[in-house]
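Hi everyone, thanks for coming. Let me put the structure up, and then we'll walk through it together.

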Amino acid sequence: MATETPQAQQKEQHKLVGFTDAAMNAVTGEMVSTIAETGVKMVEMADDLLQPETLSLLKTLPEVAENLERTLLEVKRMEETGVLKSLMQLADMVAAMKGAMTGPMVTDMVEKAIKGVELADSFVQLGAIDLVDGMLTAFHNAQEETKDKEPLSSMQLMKAVTQKETREGMTLMISFLQNLPKELNK
């Protein structure tokens, strides 16, 4: 078509001008405004995507795609079972608690936690674990021995007091009761 006549060219130009005129007449100001807004948004989005961080992320995506897919499947499973909702509620509760706490409240809580750890350490150093274990064993044995038995009569109680083990236990309990107020009133 290199040998088009000027008449054919003029005819084609006339068609093009007619098409352009029809398009311009059909377009309203609102349509032009919407097209311009859309164009601006597209340019802004392209600008956001072309940031170095985004490009770096896009480059690493093929390397982490498998892990990302597994993670997304796990999140989906957590959402389906309600775990994700529970975690979000827990996070909201912690955030609310954090917002409600003051400096003195946090300090007081930390001091109590430290005292609790110190107390636990003192118990361990005093052999409390062994003592508690022994007391629980003795209590369990006593339960087993008295199971389905009638309570001791007055005479049986008096006889029990004459036994060395009973006296040792009673002496320990009396000494404990005598020392208790001193320790509590410190």
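What is the volume of the largest pocket? The largest pocket comes to about 400 Å³. By pocket I mean an open set of points on a 1 Å grid over the protein atoms alone, where a 1.4 Å probe fits, with protein on both sides within 12 Å along at least five of seven lines; lining residues have an atom within 4 Å of a point. A volume is the space filled by probe spheres set on the points, which are joined across faces, edges and corners.

A word on the source: this is a predicted model, where local features need pLDDT of at least 70 and side-chain atom pairs count only at pLDDT 80 or more, while totals for chains, interfaces and linings use all residues. Residues are numbered from 1 along each chain as its sequence is written, and side-chain values use heavy atoms, leaving out hydrogens and water.

Back to our pocket: Met135, Phe139 and Lys149 are among the residues lining it. Met135 also lines the second largest pocket, together with Leu172, Met173 and Phe176. That second pocket has a volume of about 200 Å³.

Now, salt bridges: how many does a search of the whole structure find? Five, it turns out, each being a side-chain nitrogen of Lys or Arg within 4 Å of a carboxyl oxygen of Asp or Glu. In one of them, Arg70 pairs with Glu66, with the closest N and O atoms 3.1 Å apart. Another joins Lys112 to Asp108, at 3.4 Å from N to O. Lys15 and Glu12 form a salt bridge too, their closest N and O atoms being 4.0 Å apart.
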